[in-house]
Amino acid sequence: MFFEKKVIFSILGGFALGKTGNEIFGSETAKKAYLKAATGAMILKDNIMERVEVIQAAASDIAADARAEADKYQEKKDASFETFLKAAMHRGNFSEFDSETEEETEDDSEAD
């Protein structure tokens, strides 16, 4: 019997709280507060997105400049190596390379 009263009072209490909560949260004052909060959140989101776009644009500019510098460096490095090879071929001076190759060949034959 006690259990039945407890269940009945719990159901009635839940109904009363639900009705009161509905009236409080459904009032015009509460709706205005929700509207202001949602408006503020949307304005904040828009401001943040504008700043994110500015930062992304700056970051992409920096990345493009860095890529251009890296490409210039690589081209300069490649050009200097090609100049070195052309000069060596023109002079026919590969003695540095030949001596390294002979040393490697001797090391390989000793290892066997």
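**Exercise 1. Work out how Lys72 and Glu69 are linked, and where the pair sits.**

Step 1: check the charged atoms. The side chains of Lys72 and Glu69 form a salt bridge at 4.0 Å, N to O; the rule asks for a side-chain nitrogen of Lys or Arg within 4 Å of a carboxyl oxygen of Asp or Glu.

Step 2: look at the spacing. Lys72 and Glu69 are three residues apart in helix 2, so about one helical turn separates them. Helices here are DSSP runs (H or I, at least four residues), strands are E runs of at least two, and both are numbered from the N terminus.

Step 3: check the cover. Lys72 is exposed, at 52% relative accessibility. The cut-offs are under 20% relative accessible area for buried, over 50% for exposed and partly exposed in between (1.4 Å probe, protein chains only).

A word on the ground rules: this is a predicted model in which local features need pLDDT of at least 70 and side-chain atom pairs count only at pLDDT 80 or more, while totals for chains, interfaces and linings use all residues. Residues are numbered from 1 along each chain as its sequence is written, and side-chain values use heavy atoms, with hydrogens and water left out.

**Exercise 2. Which residues make the nonpolar surface patch of about 390 Å²?**

Step 1: name them. The patch is made by Phe81, Phe84, Leu85 and Met89. Patch residues have over 30% relative accessible area and no salt bridge; nonpolar side chains (Val, Leu, Ile, Met, Phe, Trp, Tyr) are joined within 5 Å, like charges within 9 Å.

Step 2: zoom in on Leu85. This residue is in helix 2 and is partly exposed at 31%.

**Exercise 3. How many helices and strands are there, and which element has the lowest mean pLDDT?**

Step 1: count. There are three helices and zero strands.

Step 2: For the chain the mean is 78, with 76% of residues at 70 or more.

Step 3: mind the caveat. Where pLDDT is low, predicted coordinates should not be read in detail.

Notes: pLDDT = per-residue confidence, 0-100. Areas by Shrake-Rupley, 256 points an atom, 1.4 Å probe, with all protein chains shown as cover.
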